[in-house]
Amino acid sequence: MGSDTESATPRPGVPVRGSTSGRPVMAALDLLGRRWALRILWELHQSPAGFRELQRRCERMSSSVLSTRLGELTEARLLALHDDAYRLTPLGEDLVEALSPLTAWSARWAGETGGEVAAG
């Protein structure tokens, strides 16, 4: 389950980890639950980046994991490679925007549980 030998890129209509229904939300949660996937999307939301720059921004994650995640996120049409830099697609930008309420909720949750709220 959290390994880097996970099955093919999750997609709607196909059974995924934790669900045999193929419901789109379950495929999205499988994809986004993979190690480093959300961090890559967050970094590319800040600005486009090439492979090495993205690896540096992601605290030097291994090149094999980065390569795998970039492939999955590209196949899922959330990002694309243009002029040697990965960028979010309109669908990827929509996803980041859809996560905004979760960001707000998590800040509230941190406040109510006495957790620290980090900037950014």
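This is a predicted model: local features need pLDDT of at least 70, side-chain atom pairs count only at pLDDT 80 or more; totals for chains, interfaces and linings use all residues.
## Packing of α2 and α4

Helix α2 covers residues 37-46 and helix α4 covers residues 63-75. Their axes lie 10 Å apart and meet at an angle of about 75°. Angles of 65 to 115 degrees count as roughly perpendicular, and the two helices are therefore roughly perpendicular to each other.

On the α2 side, the contact is made by A37, I40 and L41. On the α4 side, L66, R69, L70 and L73 take part. Sorted by class, the contact has six nonpolar residues, one charged residue and no polar ones.

## The nonpolar core

The largest nonpolar core of the model holds 19 residues. Those with the most contacts inside this core are I40, L41, L44, L54, L70, L73 and L79. Two or more residues come from each of α1 (24-32), α2, α4, β2 (85-88) and α5 (90-98). Helix α4 gives the most, with four residues.

L70 is one of the residues with the most contacts inside the core, and L70 also belongs to the contact of α4 with α2. Leaving aside neighbours within four places in sequence, L70 is in contact with I40, F51, L54, L79 and Y86.

## Helix α1

Helix α1 gives two or more residues to the core. Its buried residues are A27, D30, L31 and L32. These buried residues pack against three helices, namely α2, α4 and α5.

## The β1–β2 hairpin

Strand β1 runs over residues 79-82 and pairs with β2 in the antiparallel sense, over four bridges. The two strands form a hairpin with two residues between them. In the turn, D83 has a positive phi of about 50°.

L79 stands opposite L88 in β2.

## E43, a buried residue in α2

E43 lies in helix α2. Its relative accessibility is 11%. Buried means under 20%, so E43 counts as buried.

Apart from neighbours within four places in sequence, E43 is in contact with L54, R57 and C58.

How values were computed:
Residues are numbered from 1 along each chain as its sequence is written. Side-chain values use heavy atoms; hydrogens and water are left out. Axes are lines fitted to C-alpha atoms, for helices over the stretch in contact, and angles run from 0 to 180 degrees between N-to-C directions. Angles under 35 degrees count as roughly parallel, over 145 as roughly antiparallel, 65 to 115 as roughly perpendicular and the rest as oblique. Contact means heavy atoms within 4.5 Å. Ala, Val, Leu, Ile, Met, Phe, Trp, Tyr, Cys and Pro count as nonpolar, Asp, Glu, Lys and Arg as charged, and the others, Gly among them, as polar. A nonpolar core is a set of buried Ala, Val, Leu, Ile, Met, Phe, Trp, Tyr and Cys residues joined through side-chain atoms within 4.5 Å. Buried means under 20% relative accessible area, exposed over 50%, partly exposed in between (1.4 Å probe, protein chains only). Two strands pair if DSSP finds at least two bridges between them.
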